[in-house]
2 protein chains.
Amino acid sequence: MDSIIKGDCVAALNALPDNSVDVVFADPPYNLQLGGTLHRPDQSLVDAVDDEWDQFASFEAYDAFTRAWLLACRRVLKPTGTLWVIGSYHNIFRVGSILQDLHFWILNDIIWRKTNPMPNFKGRRFQNAHETLIWATPNAKAKGYTFNYESMKAANDDVQMRSDWLFPICSGSERLKDEDGKKVHPTQKPEALLARILMASTKPGDVVLDPFFGSGTTGAVAKRLGRHYVGIEREQDYIDAAAERIAAVEPLGKATLSVMTGKKAEPRVAFNTLIESGLIKPGTALTDAKRRYSATVRADGTLACGGEAGSIHRLGAKLQGLDACNGWTFWHFEEGDTLKPIDELRSVIRNDLAKLN
Amino acid sequence: MDSIIKGDCVAALNALPDNSVDVVFADPPYNLQLGGTLHRPDQSLVDAVDDEWDQFASFEAYDAFTRAWLLACRRVLKPTGTLWVIGSYHNIFRVGSILQDLHFWILNDIIWRKTNPMPNFKGRRFQNAHETLIWATPNAKAKGYTFNYESMKAANDDVQMRSDWLFPICSGSERLKDEDGKKVHPTQKPEALLARILMASTKPGDVVLDPFFGSGTTGAVAKRLGRHYVGIEREQDYIDAAAERIAAVEPLGKATLSVMTGKKAEPRVAFNTLIESGLIKPGTALTDAKRRYSATVRADGTLACGGEAGSIHRLGAKLQGLDACNGWTFWHFEEGDTLKPIDELRSVIRNDLAKLN
DNA sequence: GAGAAAGATGAATCCCTGG
DNA sequence: GCCAGGGATTCATCTTTCT
């Protein structure tokens, strides 16, 4: 926990316990398959990613590698966990296909739009200005995963967060450099990207695993956001740089971290509780906001109207001829001259519950 | 040519001649795998894409289908042709992997960012606000494909066009509707998207093939932009709607369609031509813009400097210690007190050539 | 020291013709 | 097929150097 394991990612993953990780973030080799050298129009040389770790003999070799680490990740993932992978068109289609073949279930593909991507120097293609992330659950049936919908929406001017995200590439003081001023890692990811990912799909205290830890962006952001991290990395140089980097990170305070929650995360309140607590009395008449429908509260927490009866939701739906209905907002009670939704009574209960914490 | 073939796309493709198509645009079934029905928060039913043509028994079946139509497309594609496919995360990873397995060569993946995507009604995922296109050549060696780089750049405020494009979804008057006001096709693509694609990767008069013609957006845009189209479609209802739609399209005039070209398209001029036409005399001294290097023009069209000699490009590169150099912009001649690049003399020759036409 | 100018750089599958 | 050679091609941002 909160440490970096040195070694091959599959071997290291196999040494970890089952169902122990909340989120996997993986930035695997892209298998770029670059040809010769590339010069800018000013004749300067482009520093290509030609590291040994990005070389694969064939697509088959890359696929076998991908299958192996994805399977190893799934075993350590909790059933409610999710997995993120980032890639470019060189590799992401293979990763996505294999995820589906292994019965992972894709929740979204996310586009990281770069504000400042490298240009296309020869004018023979569109500027490659984005990378793609895939967000998936370990199987199609997995339902209890964390998605902080309300936080994302609030962070996005109160409209839902979209699948296209805009961030600058990692440069300037954030980019790790060695004593000679050379970049430590050729593909260091921006912290803002990881922060978005962790804020969306983890809760404080969750465990985040990164099987291709590299310069440790995942660890640094996890520590800052009050999440635990586990990193796996083969190369000692990267491990050293990442450890030093993470040691310098100051975690944010608890108050800052409290994830904004929407209705879903609020404690569930049974309609019966309102009766039990005396907020509403059996026999009370409830109506919809326009008084088109009326029903009577029964002692067991159901509503009745003519021959029909059922929960506040079912009866509301049945009377309107719909498949579903939110009874909390549909049904109203009389207070003085005005109608108020019974949701207000639920809020009273919730406030009482909150005081207990 | 400029017609819609009724039938299965692979069978119809197999009846077309080799090397006859400049660009394929394909909008294949997405294999959405939707479970159950989805309602909006107001309980209205979301009209899902649940057509028979979008159903596949398994990923294997979808893959076999994809392989078949991609192979059939490659045979009809010219060696200089390119292929576009659009999809979502449900199918695009499979399409991309198979493209690579078949040794197509990916030029770009393009993100269509939707200005007005459907919201995520359940708040359990990010809003799926984009679709992905892949642009590829038939093989890795294919080099002579059309990419109207200068047009794209000019259309994008004079910076190169990126891989993320922003368009609204197809709606309003553009959306084909039947007599009952119901949409004719569930996934009609916006004409602006096809226009961007055809303006980028075809020339006027080119042949564009769409093996999943649907409501005929490809044909309508091709006709408007002075390109030829070939459509393949199984369902007579779609064919009828597309034919009527295309018949109503007014092609743009020739002048409107001319494509902006860059220096690469200008006629090649040998440096020797400047000497032969008397614009520059043997023995003239040329220097770079900052007068750091100097060389003498020789009668055979080469430059000499000390013991070194060669073409204007080779000598410029050698003197600077670079691999390459554009001699036309590097070397300058004296006119009065100012230095002017010899490129200005090349322009004189090109203007004379243009007058001959 | 301030501001301007010049240099550096980023996951890159990056040319085309003619002999 | 290969090889040689002409000569065309970049955006946003951060750092360093010059005025």
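Domain bounds here come from an automatic or database domain assignment. On that basis, chain A splits into domain 1 (3-256) and domain 2 (271-356), and the C-alpha centres of these two domains of chain A sit 47 Å apart.

A quick word on ground rules: this is a predicted model, where local features need pLDDT of at least 70, side-chain atom pairs count only at pLDDT 80 or more, and totals for chains, interfaces and linings use all residues. Residues are numbered from 1 along each chain as its sequence is written, chains are lettered from A and ligands numbered from 1 in the order in which they are written, and side-chain values use heavy atoms, with hydrogens and water left out.

Now for DNA strand D. It has 30 residues around it, and Tyr149(B), Lys153(B), Gln160(B), His313(B) and Arg346(B) come nearest; "near" means that a heavy atom of the residue lies within 4 Å.

As for helices (DSSP runs of H or I, at least four residues, numbered from the N terminus), α4 (149-155) and α10 (312-320) of chain B each supply at least two residues of the surface near DNA strand D. The largest share, three residues, comes from α4(B).
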